[in-house]
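The following exercises concern the structure shown below.

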Amino acid sequence: QSVSMGGALAFWLGNPLLNPATLVFMGFVLGWEFTLIRVAVGLVMVIGIASLVQRFVADTPAPALPEAALPAEAPQGSFMARWFQALWTLFWNTIPVYLLAVLALGAARVWLFPHADGAVGNTLFWVLAMAIAGCLFVIPTAAEIPIVQTMMVAGMGVAPGLALLVTLPAVSLPSLIMLRKAFPAKALWLTGGMVMLAGAVTGALALAF
């Protein structure tokens with residue numbers, strides 16, 4: 001609908017990162033310090049990433065059709081028939097790719113997302129590892145909270161936990177693949193890379209302070 005790329009990205013990232021219900025749930029489960037960090041980092045991520053992508057990746061609007069190519073008549077068929085046809089097209093463009101990506105990541109989860117069990121300590125290596133892992137996996141809304149809580153109870157450090165807390169809800173490999181027709185490839189690569197960077201910086205600051 002001709003919305004700017006920055007506006008669409010801000011909505012996409014802000015929806016999970018700054019969800020009010022998720023933030024309240026996080027405060028009760030992980031503590032309000034985690035919630036404040038998530039709000040601060042989330043605002044920087046949403047505004048910063050959307051602005052940078054908008055600046056460095058040109059919008060590519062669909063070319064206007066010549067008058068001769070415009071349909072002379074209204075679309076044929078009832079509203080419901082056209083709606084189901086559009087839904088079927090959307091299904092085949094997204095769901096198979098989504099399932100393949102989720103299955104592949106699930107098979108590799110043991111190596112990509114190790115059990116904490118005291119091994120995931122407060123080190124820069126694990127901050128970087130969790131920042132990358134958090135950008136790969138698809139999770140339901142607010143599922144990052146019990147994931148981080150469980151891993152911290154099992155021995156994961158606070159810094160890697162914060163890296164996960166800001167990267168897990170923001171993007172995932174399946175979401176990046178599914179949006180390949182909505183955004184230019186450069187915009188998706190840049191978004192994923194900057195989300196990883198935000199997670200790594202957040203964890204590194206936690207290590208420093």
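**Exercise 1.** Which residues have the most contacts inside the largest nonpolar core, and which elements give two or more residues to this core?

*Solution.* Begin with the term: a nonpolar core is a set of buried Ala, Val, Leu, Ile, Met, Phe, Trp, Tyr and Cys residues joined through side-chain atoms within 4.5 Å. Buried means under 20% relative accessible area, exposed over 50%, and partly exposed in between, with a 1.4 Å probe and protein chains only. The largest such core has 24 residues, and Leu-30, Met-130, Met-156, Leu-164 and Leu-165 have the most contacts inside it. Next, the elements that each give two or more residues are α6 (124-134), α7 (144-153) and α8 (158-167). The largest share, 5 residues, comes from α8. Apart from this core lies another, of 23 residues, including Leu-13 and Val-41.

This is a predicted model, in which local features need pLDDT of at least 70 and side-chain atom pairs count only at pLDDT 80 or more, while totals for chains, interfaces and linings use all residues. Residues are numbered from 1 along each chain as its sequence is written, and side-chain values use heavy atoms, with hydrogens and water left out.

**Exercise 2.** How many helices and strands does the chain have, and what percentage of its residues count as buried?

*Solution.* Helices (H or I, at least four residues) and strands (E, at least two) are DSSP runs, numbered from the N terminus. By this rule the chain has 10 helices and 0 strands. Of its 209 residues, 37% count as buried.

**Exercise 3.** Why do the buried residues of α6 line one face of the helix?

*Solution.* First list them: Trp-126, Val-127, Met-130, Ala-131, Ala-133 and Gly-134 are buried in α6. Seen down the helix axis, these residues fall within an arc of 165 degrees, so they line one face of α6. The arc is that of the directions from the helix axis to the C-beta atoms. As a general rule, an α-helix has 3.6 residues a turn, so residues three or four places apart point the same way.

**Exercise 4.** Is Phe-137 buried or exposed?

*Solution.* Locate the residue first: Phe-137 is in the loop between α6 and α7. Its relative accessibility is 9%, so Phe-137 counts as buried. Finally, consider Ser-175: Phe-137 and Ser-175 are 38 residues apart in sequence, and their C-alpha atoms are 9.3 Å apart in space.

**Exercise 5.** Is Leu-87 buried or partly exposed?

*Solution.* Leu-87 is found in helix α4 (residues 79-107). With a relative accessible area of 38%, Leu-87 is partly exposed.
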